[in-house]
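Dear colleague,

I am passing on the structure below, and I would be glad if you could read the notes that follow with it open beside you.

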Amino acid sequence: MATAAIFSSLRRRRSPSLEAFLSPVDLSGLPLVQTLAAISTEIISSFSSTRFSFQRRNARSLIRKIEIFLVLFESLTDSRWGSTPSSSSSSTALLCLKELYLLLYRSKILLDYVAHSSKLWLILQTQSISGYFHDLNQEISTLLDVFPLDDNHLSLSDDVREQIELLQRQSRRSRLYVDSNDESLRVTLYSFLDGFENGEIPNSLALRSFFVEKLGIRDSKSCGSEIEFLEEQIANHDGDVEPTGSVINGFVAITRYCRFLLFGFEEEWRIKNNNNNPKKSKGDGEGFVTVPKDFICPISLDLMTDPVIISTGQTYDRTSIARWIEEGHCTCPKTGQMLVDSRIVPNRALKNLILQWCAASGVSYESEFVTDSLPNEGFVSGLPTKAAVEANRATVSILIEYLADGSEAAQTVAAREIRLLAKTGKENREFIAEAGAIPHLRRLLESENAVAQENSVTAMLNLSIYERNKSRIMEEEECLEAIVSVLVSGLTVEAQENAAATLFSLSAVHEYKKRIAMADQCVEALASLLRNGTPRGKKDAVTALYNLSTHPDNCGRMIEGGGVASLVGALKNEGVAEEAAGALALLVRQSVGAEAIGKEESAVTGLMGMMRCGTPRGKENAVAALLELCRRGGAAVAERVLRAPAIAGVLQTLLFTGTKRARRKAASLARVFQRREHAAMRAGGYGFVGDVNGNRDGGSFTTDVSVPMSISISVPVL
């Protein structure tokens with residue numbers, strides 16, 4: 001379906017001159033005339049019987065003009081014009097016919113657009129679409145002024161010439177025409193927007209009269225199609241078309257409100273029929289897609305639209321991290337490290353990857369803001385206006401009624417819509433919770449309906465992103481236990497994964513971490529998901545375990561519940577190794593944690609592997625964990641660390657290429673290594689094996705040769 005962007009190629013600001021005519025195809029003479037006749041016939045047959053809901057007069061007028069052009073083309077075809085060199089000697093006629101090819105093509109696109117576009121969008125674009133028709137008419141007038149009707153080589157009959165001359169006079173006299181009925185509907189639609197903007201919900205009878213009687217939107221499915229089309233315009237908005245993305249967003253909210261106010265839950269039967277076949281991938285709409293975890297902002301849990309890097313090397317969405325800093329935080333939300341400064345740097349490489357993924361997956365790349373510092377990279381603003389917020393608030397009140405008292409199918413639909421509304425916008429998340437959605441969603445967590453359970457836990461996840469809602473969820477009676485229950489035995493994999501993500505979101509509040517970890521089977525279920533889940537499920541589990549590990553009182557629970565063992569095992573998985581190493585680096589700070597990690601046979605080798613081949617952050621976490629193992633894990637564990645193969649070479653590399661924190665930790669570990677080596681030399685113990693040339697084997701120990709270790713540790717302590 002054509003979009004507003006196509007119209008920029010249709011519309012010309014002024015009539016074309018003769019020199020501007022370009023040949024659209026390598027055709028001339030009779031083949032060109034036959035092609036023009038075929039296109040004209042196709043347009044007439046496709047649209048002559050179409051009942052246009054809007055732009056009726058403009059569309060009919062254009063079709064009639066094309067019918068007259070068809071008479072011209074058929075006359076030229078009958079006379080075999082262009083079949084011989086002498087009959088096509090007029091270059092002016094040839095150029096005009098070639099330009100007519102372009103004009104007919106644009107006419108076809110415009111008529112198709114008016115015939116099949118969203119009704120609401122056509123109303124909003126009444127004036128600009130009328131302008132497109134007027135521009136085409138002006139081009140027709142210019143073409144006919146240039147067209148050599150009196151050329152003898154054309155062999156036009158008097159009847160055909162008279163019809164063309166009549167069309168020429170009509171085109172000259174034509175003026176821009178805006179249908180008064182279409183314009184009246186546009187004014188009415190804006191009045192609804194103004195009503196919501198002023199906090200006055202329009203009368204339901206007026207809304208029914210407008211949507212049902214005047215627009216012919218008679219069911220929930222049609223309303224849904226209108227919403228999808230408008231949302232597509234927000235995503236594809238190029239900034240040159242009115243209204244703005246924010247205003248369109250308001251109309252989306254109004255239409256969603258009318259969908260449930262006027263048509264209730266007509267889709268109940270469809271939801272019931274789909275209960276036994278839930279979709280198997282994460283998403284927040286009916287066509288679910290799995291968003292790569294690296295593309296999701298750790299703060300908002302939404303697809304990043306403007307990824308930026310902060311001083312700790314972590315990437316966040318610009319608006320989320322800017323809000324975090326504005327609220328007075330001076331630490332990295334993900335790692336807890338102090339921020340050296342508040343500068344943020346665009347992550348253009350990641351942004352390009354996100355754009356490519358969105359294009360390949362058919363996902364709209366929507367922005368909630370306009371970035372002044374990057375005018376060429378910004379997207380159309382979709383910021384919620386007051387009208388959108390009020391319309392969504394009114395919609396939520398209807399949805400909650402159905403959550404409370406509706407049938408099972410109605411509750412499922414209502415949970416899905418709340419899930420979608422809570423997906424974006426702090427305002428939406430706030431008033432959804434204030435309206436009392438959380439208790440009803442908690443009840444649905446226990447539903448035997450797989451779709452209802454998945455929608456409710458995902459809605460809970462989306463709501464939890466708003467800081468104040470975390471306390472509302474945690475204070476709701478047995479809500480935490482219900483979320484953990486979904487994690488343990490959810491009816492779909494997606495429900496379990498989203499439950500883990502919800503726990504990660506809730507555990508961002510320090511005082512909740514211990515309570516979450518102590519919930520029955522919580523750590524066990526997260527550990528199981530980390531071992532056996534999908535790639536996305538493992539990511540959700542490891543981030544939740546990482547958050548829980550930041551509370552010192554949770555160390556024992558992490559060991560008892562198998563969290564430590566699963567984190568050690570996760571070091572072999574590239575997708576989650578960085579977070580796993582980070583969690584281990586936290587747990588190893590306590591002696592009981594260091595002892596438990598030291599008992600895991602693959603812990604040291606896994607951390608060493610991370611130091612060799614991990615991400616910069618992963619290497620940093622791994623060397624920090626190994627250092628603490630040496631300090632707190634006991635002599636036997638320290639011996640295993642210091643005898644790890646090639647540890648000298650890995651430390652040397654990290655001292656020169658690691659992050660600041662990694663270099664500092666590597667220098668400390670190197671000092672521990674040196675002290676051990678010196679002690680071993682004095683006792684006639686272990687040392688590095690040397691070959692005949694005096695070169696050392698990178699870290700293998702023996703009692704045969706004792707050679708002092710040489711690692712430069714002149715790295716400033718930060």
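**Two packed helices**

Helix α30 (residues 603-613) packs with helix α33 (residues 647-657) at an angle of about 40 degrees, and their axes are 10 Å apart; the axes are lines fitted to C-alpha atoms over the stretch in contact, with angles running from 0 to 180 degrees between N-to-C directions. That makes α30 oblique to α33, since angles under 35 degrees count as roughly parallel, over 145 as roughly antiparallel, 65 to 115 as roughly perpendicular and the rest as oblique. Met-608, Met-611 and Arg-612 in α30 meet Ile-647, Val-650, Leu-651 and Leu-654 in α33, where contact means heavy atoms within 4.5 Å.

This is a predicted model, in which local features need pLDDT of at least 70 and side-chain atom pairs count only at pLDDT 80 or more, while totals for chains, interfaces and linings use all residues. Residues are numbered from 1 along each chain as its sequence is written, and side-chain values use heavy atoms, with hydrogens and water left out.

**Two buried residues**

Thr-312 lies in the loop between β1 (307-309) and β2 (315-317); helices (H or I, at least four residues) and strands (E, at least two) are DSSP runs, numbered from the N terminus. Thr-312 is buried, with a relative accessible area of 9%, where buried means under 20%, exposed over 50% and partly exposed in between (1.4 Å probe, protein chains only). Leaving aside residues up to four places away in sequence, Thr-312 touches several residues, among them Cys-332, Met-338 and Arg-617.

Lys-98, in helix α4 (residues 91-116), is also buried, with a relative accessible area of 14%.

Best wishes
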